Amino acid sequence: MKTQVAIIGAGPSGLLLGQLLAVAGIDNVILERRSGDYVLSRIRAGVLEQGTVDLLREAGVDDNLNAHGLIHDGFDIAFDGERVRIDLAGLTGGKHVTVYGQTEVTRDLMNAREAIGATTFYEADAVQPHAIDTDSPYVTFNHQGQEYRLDCAYVAGCDGFHGVSRTCIPEDRLRIFEREYPLGWLGVLSDTPPVSDELIYATHDRGFAMCSMRSPTRSRYYIQVPDTESPDNWSDEAFWAELKRRLPEAVAENLVTGPSIEKSVAPLRSFVAEPMQHGRLILLGDAAHIVPPTGAKGLNLAISDVNTAYRLFRAIYDRGRTDLLERYSATCLSRVWKTERFSWWMTTNLHKFSATEDFDTRMQQAELGYYLGSEAGRATIAENYVGLPFAELAG
């Protein structure tokens, strides 16, 4: 088999890159080790930056997004007994975010790929890139008991933190930067109306909490728990009771509870791998970086990589600019680190890390008090939350 770009991973970043390339006439094949049903079963965040929405529209995958996406012009931070609204539109010149579940984004992209007849191998085993530091890379894999070799010009690694792509970069070239936080988010998805029209982030003596939504009838709630916690230890009743304790009284009184349809614990981690390119291999999304979910940046940062990769491949195939490949990593990382900073800031200042009132606790309170009490501070939060501009591939 032959193709121009071999894409490893059929999450949102791999599917969107594949769709953009296919629309531009650049042949690609996607290899995914899981089944399509499994990929769709993964419950993830759903706050989309404007840049993400724009790129989905450029790919022609926006009908459902336009019909069902919820425009949010702000969100609240509950702190020190008060609810402070971050007026995204007012503080950023009219910018906003769109609430639309990552599962729905994935489904839309899958349907679009199927409609154009592009090739995807689900349940592909033993996927392995080869010769990525030559002009003739290829990928081997097994599918339904048959061995395949896929010759290609480039390999795009969209296969997540545990995927094979990052391991193809030589150890003496790869640098890892990471921080693991001693806490996680216990999340519950329920078919109940959201407690608020906009997201609420709450910092409390008992720990962080968050109120979000997927639709006018489906809600997603989180509470901070130890990173070793199991969702099996929490009944629905215990979860709702603890959530109410951490929310402002007026919010808790209006909370509609109900049976959970999904419950899980997500660990919090900051992670960056450098470089994001080696030879004919590029990394995108969680294969190269992870952010804590506090700033709603994981999917959006992956889509930023997709934008850079797409512009790169268009430059290569439309204008012969193979020299731009060497600029891919630096271009992506310039935005990655700014986004890592914002996610780290939100995480370190909204969560409880100490059981006692210590110096760090007081600094958290002072930091939040300063930013939330200053229009300039709120504008800084808003500017980062709606999303920094996508990095430009110079040249």
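Helices (H or I, at least four residues) and strands (E, at least two) are taken here as DSSP runs, numbered from the N terminus. Axes are lines fitted to C-alpha atoms, for helices over the stretch in contact, and angles between N-to-C directions run from 0 to 180 degrees. The structure is a predicted model, in which local features need pLDDT of at least 70 and side-chain atom pairs count only at pLDDT 80 or more, while totals for chains, interfaces and linings use all residues. Residues are numbered from 1 along each chain as its sequence is written, and side-chain values use heavy atoms, with hydrogens and water left out.

**Helix packing**

Helix α1 (residues 12-23) and helix α6 (residues 102-116) have axes that come within 9 Å and cross at roughly 35 degrees. This crossing of α1 and α6 is left-handed, a term for a near helix turned anticlockwise from the far one by less than a right angle. Contact (heavy atoms within 4.5 Å) involves Pro12, Leu15, Leu16, Gly18, Gln19 and Ala22 on the α1 side, and Gln102, Thr106, Leu109, Met110, Ala112, Arg113 and Ile116 on the α6 side. The residues of this contact divide into 8 nonpolar, 4 polar and 1 charged. In that division Ala, Val, Leu, Ile, Met, Phe, Trp, Tyr, Cys and Pro count as nonpolar, Asp, Glu, Lys and Arg as charged, and the others, Gly among them, as polar.

**Nonpolar cores**

A nonpolar core is a set of buried Ala, Val, Leu, Ile, Met, Phe, Trp, Tyr and Cys residues joined through side-chain atoms within 4.5 Å. Buried means under 20% relative accessible area, exposed over 50%, and partly exposed in between (1.4 Å probe, protein chains only). The largest core has 70 residues, of which Leu16, Leu17, Leu31, Leu284 and Phe313 touch the most other members. Helix α9 gives the most to this core, with 10 residues. Apart from neighbours within four places in sequence, leucine 16 is in contact with Leu55, Leu56, Ala59, Leu109, Ile303 and Val306. A second, separate core of 31 residues includes Phe75, Leu268, Leu368 and Leu372.

**Salt bridges**

There are 20 salt bridges in the structure, each a side-chain nitrogen of Lys or Arg within 4 Å of a carboxyl oxygen of Asp or Glu. Examples follow.

| Salt bridge | Closest N and O atoms |
|---|---|
| Arginine 149 and aspartate 151 | 3.0 Å |
| Glutamate 242 and arginine 245 | 2.8 Å |
| Arginine 321 and aspartate 323 | 2.8 Å |

Arginine 321 is partly exposed at 21% relative accessibility, as is aspartate 323 at 37%. Salt bridges that share partners join Arg206, Glu242, Arg245 and Arg246 into one network. Glutamate 242 and arginine 245 are 3 residues apart in helix α7 (residues 236-246), and so are separated by about one helical turn. Glutamate 242 is buried, at 5% relative accessibility, whereas arginine 245 is partly exposed at 45%.

**Buried polar residue and backbone features**

Glutamine 224, in strand β16 (residues 218-226), is buried at 10% relative accessibility. Beyond residues up to four places away in sequence, glutamine 224 touches Leu183, Gly184, Gly207, Phe208, Arg246, His351 and Lys352.

The peptide bond from glutamate 274 to proline 275 is cis, with omega near -5 degrees. Proline 275 is in the loop between β17 (260-274) and β18 (277-278). Alanine 126 has a positive phi, near 55 degrees, and is part of strand β9 (residues 124-130). Alanine 296 also has phi near 55 degrees, but is placed in the loop between β20 (289-290) and α9 (298-319). Alanine 126 is exposed at 55% relative accessible area, while alanine 296 is buried at 13%.
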